[in-house]
Amino acid sequence: MDFGFSGDDEAFRVEARAWLSEHVEGAQERRTWERALGKAGWIGLGWPESGYGNRSARLTQQVVWAEEYARSGAPARSGHIGENLLGPTLIAHGTGEQKRRFLPPIALGEELWCQGYSEPGAGSDLAGVRTKAERASDGTYRVTGQKIWTSLAHEADWCFVLVRTDPDSTRHRGLSFLLVPMDQPGRIEVRPIRQMTGTSDFNEVFFDGAHARVEHVVGGEGAGWKVAMSLLGFERGVSTLAQQIGFARELGSVVEAAVRSGAVGDPVVRERLVRQWAELRVMRWNALRTLGRAGDAGAPSVAKLLWGGWHQRLGELAVQVRGAAAGVGPVEWSPSAPYELDEAQHLFLFSRADTIYGGSDQVQRTIIAERVLGLPREPKGVV
């Protein structure tokens, strides 16, 4: 199973490849890179509405752009949360005023977003959210609570936050989807979470009476659960195909390392390498099968289970094929460089989180069991 690209699609590929080739070398500073992408109209290709500074592109052209972006070696996007999650959500549920206010700055790469869903006591259980938003005397909201594992919060200008606007509500009732500006010193504190890799891509975010406007509730007050679930459905798309191109590049590096170390002579290692290749092809076919389809409740969970475990096993294989050399850093230790990792070591450590973030494997299996297979819901309160 594969896409058949038209002549127009291939012309689009030539244009995308030429633009990336010309501009990718200057893509070191991420915010500047987002603005360059926005100025050229490359942000928001997958939005069903244009006119916000974004180009219109068919599904096949979106795939072309994602593939060419991955092949170019361009940096990881800092604007993808606004583009791929909030943008489609506003188009589906936002008011005309909300679309006019927020979509153009996303499409132009001028405003970056983060996602305030998970909490210390409600990681993958979004219905357990306790962060509250109370109406103040001036008619605005005051947001109080804590979010965790918030990607790119240290860079974001805005955060879309799932909050409890009805203090007497429980579970999925009484929740609202609220847009909150991040530049509020004394009211919002962002604390980076140091990972095993030594980097800090995730953050804790503390809201202490943070201000938000009533007109920045998406979908209406109390409709947060519906909007939040709709947003999670947008996490599936052409980005998964681009992700797989990155995976293929990593797998190629692991194969090369196995050849250099002689580990490829071990039949068990060869079998694992072939299995990784075959499973990557299955992931591509599954992504193509579900691309552009709506209403498949289990598709995002199946995709997450496939790539999360695959990438984690690749990380394990990356250090296995190097033997003892995998335990040695790329540079001599020094006080100024106490924790340097090479590419394989970073892959191994970072991929440990792949089966946890974005919804753990256990949560994905529960979703498939209950929403697809129709099995009885898991009893509450059972230890």
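Predicted model: local features only at pLDDT ≥ 70, side-chain atom pairs only at ≥ 80, totals over all residues.

Start with N54. Where does N54 sit? N54 is in the loop between α2, residues 30–39, and α3, residues 59–72. Is N54 buried or exposed? Its relative accessibility is 8%, and the cut-off for buried is under 20%, so N54 counts as buried.

Now the polar atoms of the N54 side chain. What lies within reach of them? One of them is 3.0 Å from the backbone oxygen of G44. On the nitrogen side, the backbone nitrogen of Y52 is 3.2 Å from a polar atom of the N54 side chain. Leaving out residues up to four places away in sequence, N54 touches G41, I43, G44, W47, E49 and A107.

Next, the second largest pocket. Its volume is about 210 Å³. Which elements give two or more residues to its lining? They are α3, α7, which spans 239–261, and α8, which spans 267–290. The largest share comes from α7, with six residues.

By name, the lining consists of E67, R71, L241, Q244, I245, A248, L251, G252, W277, L280, R281 and R284. By class, six of the lining residues are nonpolar, two are polar and four are charged. Among the lining residues are R71, R281 and R284.

I will take questions now.

Note on methods
Residues numbered from 1 in each chain as written. Heavy atoms only, no water. Helix = DSSP H or I, 4+ residues; strand = E, 2+ residues; numbered from the N terminus. Buried < 20%, exposed > 50% of the residue type's maximum accessible area, 1.4 Å probe, protein only. Polar contact = N/O pair within 3.5 Å; in protein donor to acceptor, adjacent residues only side chain to side chain. Contact = heavy atoms within 4.5 Å. 1 Å grid on protein atoms, 1.4 Å probe; cavity = no way out; pocket = protein on both sides within 12 Å on 5 of 7 lines; lining within 4 Å. Points joined across faces, edges and corners; volume = space filled by probe spheres on them. Nonpolar A, V, L, I, M, F, W, Y, C, P; charged D, E, K, R; others polar.
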